[in-house]
Amino acid sequence: MHVFVLADPARCIGCRACEIACVAAHMKHDMGQAMEDSLPFSPRLTLIREAGVTAPIQCRQCEDAPCAAACPTGAVTSNGRVVTITSTLCCGCKACLAVCPVGAMQIGLVAGEHALPVAYKCDLCSGHDTPACVAVCPADALRVFTKENLQHVAGSRRQQSARQLAEPGYSRET
């Protein structure tokens, strides 16, 4: 099972620290110099404000990644831990963007790396122990989910459901 980062909208304060940390982690330039040079600000997650909640949306690192299946050039692949994009192979066709089930894939200019728009998305800050967004979040709204975390969450929810079924007055019609 692939590891992925998931946000808790109840905790997210919408400060955008995750987006800034993401850009800083992936940018080969100094952030201040990049702003002076008008380099694109291209975070690999997107903070969404909708229906009174905020939360960053980012790649779920799908095991059967539809983006990889749709990529005509083989630029999107999975190494068993994370779905990655080899930007030098990307032709910018947007097929990956069209099939992503969570809207995590993005197409655009990546700071100083390519002259043409390419696909990019969360890569879990490859080479770092903890993704930059998780490390910097002041509200502790982002969490790295592993197979063990998900099994614990699923088990807790099953127990909660069983308790609800056992409550007096529970009806199948509710």
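Here are some notes on this predicted model, going from the overall build down to a helix, a glutamine and the cysteines.

1. Overall build. The protein has six helices and eight strands. Walk along the sequence and you get β-α-α-β-β-α-β-β-α-β-β-α-β-α. The C-alpha trace spans about 65 × 35 × 30 Å along its principal axes.

2. Of the 174 residues in the protein, 36% are buried. If you take the contacts with a sequence separation of 6 or more, 61% of them join residues 24 or more positions apart.

3. The accessible surface comes to about 10,300 Å², and carbon and sulfur atoms hold 53% of that. On the charge side there are 15 positive and 15 negative charges, and their mean positions sit 6 Å apart.

4. Helix α1. This one runs over residues 17–26 and is mostly covered, with seven of its ten residues buried. Who is on the list? The buried set is Ala 17, Cys 18, Glu 19, Ala 21, Cys 22, Val 23 and His 26.

5. Gln 61. You'll find Gln 61 in the loop between β3 and α3 (66–70). Is Gln 61 buried or exposed? It is buried, at a relative accessible area of 0%. Its side chain reaches the backbone oxygen of Cys 122 at 3.1 Å. Leaving out residues up to four places away in sequence, Gln 61 touches His 2, Val 3 and Phe 4, then Val 82 and Val 83, and finally Lys 121, Cys 122 and Leu 124.

6. Cysteines. How many disulfides are there? The count is zero. Take Cys 59: the closest cysteine sulfur belongs to Cys 67 and is 6.1 Å away, so that pair is too far apart for a bond; the cut-off for a disulfide is 2.5 Å between sulfurs. Cys 100 is in no disulfide either, and its nearest cysteine sulfur, that of Cys 59, is 6.4 Å away.

7. Where those two cysteines sit. Cys 59 counts as buried because its relative accessibility is 8%. Cys 100 is also classed as buried, at 19%; keep in mind that the label applies under 20%.

Methods
Residues numbered from 1 in each chain as written. Predicted model: local features only at pLDDT ≥ 70, side-chain atom pairs only at ≥ 80, totals over all residues. Heavy atoms only, no water. Buried < 20%, exposed > 50% of the residue type's maximum accessible area, 1.4 Å probe, protein only. Helix = DSSP H or I, 4+ residues; strand = E, 2+ residues; numbered from the N terminus. Contact = heavy atoms within 4.5 Å. Areas by Shrake-Rupley, 256 points an atom, 1.4 Å probe, with all protein chains shown as cover. Lys, Arg positive; Asp, Glu negative; His and termini not counted. Charge placed at Lys NZ, Arg CZ, Asp CG, Glu CD. Polar contact = N/O pair within 3.5 Å; in protein donor to acceptor, adjacent residues only side chain to side chain.
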